[in-house]
Amino acid sequence: MPPSRVASPPTDPQPLTNGLTPKQLQQFHTDGYVIIPDYLDQSRCTALLSTISTLLHDFPLKDHPMTKFSTGSSSSSSSAHVGDTYFLTSGDQVRFFFEEDAFSQHSPVLTRPKERAINKIGHALHTHIPAFAAISHTGPTGQLNAKMASQLGFHDPRLLQSMVICKQPEIGGAVPPHQDSTFLYTRRPSAVGFWIALEDATAENGCLSFARGSHRRTPVSRRFVRATEEGGGEGTAFEDVEVGDEAARWPRGFEHEREGEEKEKQGSEAEEEYELGEVNAGTLVLIHGNLLHKSEKNPSQKGRMIYTFHVIEGEEQYDEKNWLQIPGGPEAFTKLEGG
Ligand SMILES: O=C(O)CCC(=O)C(=O)O
Ligand SMILES: [Fe+2]
């Protein structure tokens, strides 16, 4: 009888121990995003969902300013309901932002239990909650993230914000097309999103969709800044930025691929076609800060909880106009080290 065959070890090493594969890196540069399944195992997703459930249960409603985070198409002007102190001082805190439909009209009365009414939690889960630190910048996963950031071209990757986006059944709002570098602006745009599905995200419950390659034809032309509102209070607004030739030329290492490239037609939100990014729980999606992406509402009964954090290049100028500020200034943004 022939000896039983021993399965040979896999020749394709797990991408997650060795960082991004050349193919994944290429995909990120070409498409502006890359989907990496099995980044977290199911038990880790379950543990994080349980942490989120505790946060949603425990936060006190009593002193909450009932801030509603607008996910609607408020792209043209400042919007009073986001531009309040609770939002503008959330950069180093764990704060809870309600869905637009969380309240009965003209009333502070919630339409459902608070656990089911939150749009997102932000913006410093990574500094306050060890379970989120451990999938962002500490321990083996933090090292892996640092390695991926280095592969993407970062010299001094800084983790500047983290969020849980709840997209709860029935009420989870749509996120209109946008580029993350508008909201996390550096003089030469450098933001990259690490987006992690903790539950399956499908067309049914409002998964992400992407305008493939739009990062190569859509310079960042405006930024989300602090602004004084009529009446004197501090709020937010969109401000146009001058688009230089260099504006879209990031990350480093990508420049040479653009050499000799035909000047592509400038992208616009209206003209783009969006491809669904349906993913299983545990999947990581890396998103270039210039890439147009969006998500639809979640009218289904299925949750679509995700965790995301964003990294910028510490060597690029981050100024005081940006909506997101933390004590200590940009120098205090968390270093992503060990890559
Ligand atoms: O999760 C979503 O629906 C949108 C998230 C997003 O736009 C981001 O993380 O940059
Ligand atoms: Fe985004």
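Predicted model: local features only at pLDDT ≥ 70, side-chain atom pairs only at ≥ 80, totals over all residues.
Q: How many residues does helix 3 have, and what span should they cover?

A: Helix 3 covers residues 42-58, which makes 17 residues; at 1.5 Å a residue they should span 24 Å.

Q: Why do residues three or four places apart in an α-helix point the same way?

A: An α-helix has 3.6 residues a turn, so such residues point the same way. The case in this structure is helix 3, where the buried residues are Cys45, Leu48, Ile52, Leu55 and Leu56. Viewed down the helix axis, these buried residues fall within an arc of 95°, so they line one face of helix 3.

Q: Which exposed residues does the face of helix 3 turned away from its buried side carry?

A: That face carries Ser43, His57 and Asp58, which are exposed.

Q: What covers the buried residues of helix 3?

A: The cover includes both strands and helices. Among the strands are strand 2 (94-98), strand 3 (118-123), strand 4 (157-165) and strand 6 (192-197). Helix 5 (125-128) and helix 6 (130-133) also take part.

Q: How is helix 7 to be read, and what follows it?

A: Length is again the starting point. Helix 7 (residues 139-152) has 14 residues and reaches 20 Å from its first C-alpha to its last, close to the 20 Å expected at 1.5 Å a residue. Its buried residues are Thr141, Gly142, Leu144, Asn145, Ala146, Met148, Ala149 and Leu152. After helix 7 comes Gly153, whose phi is positive, near 115°.

Q: In what order do the strands of the open sheet of 4 strands stand, and which of them are at the edges?

A: The order is 5-12-7-10, and the pairing is antiparallel. Strand 5 (175-178) and strand 10 (275-277) stand at the edges; each has a single partner strand, so one side of each lacks a neighbour in the sheet. From one strand to the next, the twist averages 25°.

Q: How many bridges join strand 7 to strand 10?

A: Strand 7 (residues 208-210) is joined to strand 10 by 3 bridges, and the two run antiparallel. Phe210 stands opposite Glu275 of strand 10.

Q: Is His288 buried or exposed?

A: Relative accessibility decides this: buried means under 20%. His288 has 3% relative accessibility and therefore counts as buried. His288 lies in strand 11 (residues 284-288), and its side chain reaches the backbone nitrogen of Asn290 at 3.0 Å.

How values were computed
Residues numbered from 1 in each chain as written. Chains lettered and ligands numbered in written order. Heavy atoms only, no water. Expected span 1.5 Å × (residues − 1). Buried < 20%, exposed > 50% of the residue type's maximum accessible area, 1.4 Å probe, protein only. Pairing = 2+ DSSP bridges. Axes fitted to C-alpha atoms, helices over the stretch in contact; angles between N-to-C directions. Arc of directions from axis to C-beta. Contact = heavy atoms within 4.5 Å. Polar contact = N/O pair within 3.5 Å; in protein donor to acceptor, adjacent residues only side chain to side chain.
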